[in-house]
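Colleague: Could you take a close look at the surroundings of the ligands in this model for me? I would like a connected account of what lines them and how they sit in the chain.

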Amino acid sequence: MSKLKELISLGAGHVRSANVEDYQALGGYKALEKAMGMGPKEIIAEVLEAKLLGRGGAAYPAGKKWAQLLDIPENPKYIVCNADEGEPGTFKDKLILDKVPLRLIEGMTIAAYVFSAQKGYIYVRGEYRAIQKRMVKALQSAREHNLLGESILGSNFSFDIEIVSGAGAYVCGENSALLNSTQGTVGRPRIKPPHLAEVGLFLKPTLVNNVESFSCIPSIVLMGGKEFLSLGHPESGGTKLICLSGHSMRPGIYEVPLGKISLREAIFDPELGGGVKGGRFKFAHLGGQSGPIVSEKGLDITYSYTDLRKNGLSVGSGAIVVLNDSVSVLEYLKSVIQFFIHESCGKCVPCREGGKRVLRYLLMLSEGKMGQREIQDLKRLLNVMRRASFCGLGQSVPVALLSAFKEFPECLIKKGSFAA
Ligand SMILES: Cc1cc2nc3c(=O)[nH]c(=O)nc-3n(C[C@H](O)[C@H](O)[C@H](O)COP(=O)(O)O)c2cc1C
Ligand code: SF4
């Protein structure tokens, strides 16, 4: 089997169009037509069978999320796409937004049909300014073809989508902060529960999915959940867009079948990452800054949500940042923490103050000033951040550090210090 599939990205490698005719030439909008002949429960059953895990990072089962929202009687319901793509090392949503935006729009329209929603929003990363303009064109093209707006395809189903721009805050990718920002309030996370399916945008039931998750929906509807599942891992169907960057020989976006290649292949296969430039492989950072670090000895593992999780790793957003042996693990960790300090929204103490303290410990570590007590204090602090931070941003600060402690104890312990 070829390692590369074009289920989500379609011909995105060759095509770049915000035009419905071009998208239809790739098979676009057949899924919407089919979906509109099906019932909401029937569509959700296919999404459940597909075992589509959310592609935004948290890997929550999309079918389960959809089924929960369908059970909520209150209306109106909103459909929101998370296109904030703020996770460093992640640039796969950009491919869809830029090259096949109508794929996402079709996926969201199917979701709207399922929930009888009339309004949707795509919250696009502020830095993707040119892409936002193309998205506006794609929406206009869909309206002109009666695929958005009033009485879609002559039915009594009406739905439209608006683009909302982010303003460069990583925390606004967290789904509740994203809704706050979309509705014009401060982009900070909300307490959950109540979950967004109950109290979401404008306090109404809301579906939030990632760009790639929505873009899988047309394939699921067309081929059926069973076939979609068979393309991937038995516990997580389909393909995944991975983003190779850093010292990868062939940085870029690749669509790979889940569970059918190893992490080593993703990084070294000549069709995929093609190896490491400028030195030997030292480690990879998976799933963005909030994900774990893996060394050479951890690479022979199947690239799937299940297999990575079993080994303390994660797919996350699909980012794979490759680092060669010129990189100091400790220096790298400092840059990770600096990112989190910069992006903390300041709402809660464990994250706002914890990040700065962690950085101080890392500086002490590089000066060889960490004793047994300080190491224990650092571990306790990381534990507090993981358990007591208000949202996923602060909760994920310890992930890279703890995995690096495990993988590279020798790099973290300086002479004159002590062994953890
Ligand atoms: C700090 C933070 C940043 C996030 N950034 C993004 C993002 O840029 N894009 C995204 O889709 N999900 C992001 N997420 C995850 C979302 O909260 C949410 O799980 C996701 O949008 C749900 O969609 P999915 O189930 O289709 O993955 C972020 C979470 C946190 C805690
Ligand atoms: S964990 Fe950090 S980003 Fe999240 S609410 Fe607390 S301070 Fe804000």
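Modeller: Happy to; here is a walk through the two ligand shells, followed by the chain around them.

A word on conventions comes before the details. This is a predicted model, in which local features need pLDDT of at least 70 and side-chain atom pairs count only at pLDDT 80 or more, while totals for chains, interfaces and linings use all residues. Residues are numbered from 1 along each chain as its sequence is written, and chains are lettered from A and ligands numbered from 1 in the order in which they are written.

Let us begin with ligand 2. Its shell holds 14 residues, and C345, C348, C351, C391 and G394 are the closest; a residue is near a molecule if its C-beta atom, placed from the backbone, lies within 6 Å of it. Helices α14 (349-366) and α16 (392-395) each contribute at least two residues to this shell. Helices here are DSSP runs of H or I with at least four residues, strands are runs of E with at least two, and both are numbered from the N terminus. By class, the shell around ligand 2 has eight nonpolar, four polar and two charged residues. In this scheme Ala, Val, Leu, Ile, Met, Phe, Trp, Tyr, Cys and Pro are nonpolar, Asp, Glu, Lys and Arg are charged, and the others, Gly among them, are polar.

Helix α14 also carries R357. From R357 to L382 the C-alpha to C-alpha distance is 9.9 Å, across 25 residues of sequence.

Finally, the setting. The protein chain has 18 helices and nine strands, and 51% of its 420 residues count as buried. Along its principal axes, the C-alpha trace spans about 75 × 45 × 35 Å.

How values were computed:
Buried ≥ 20, exposed ≤ 12 C-beta atoms within 10 Å, placed from the backbone.
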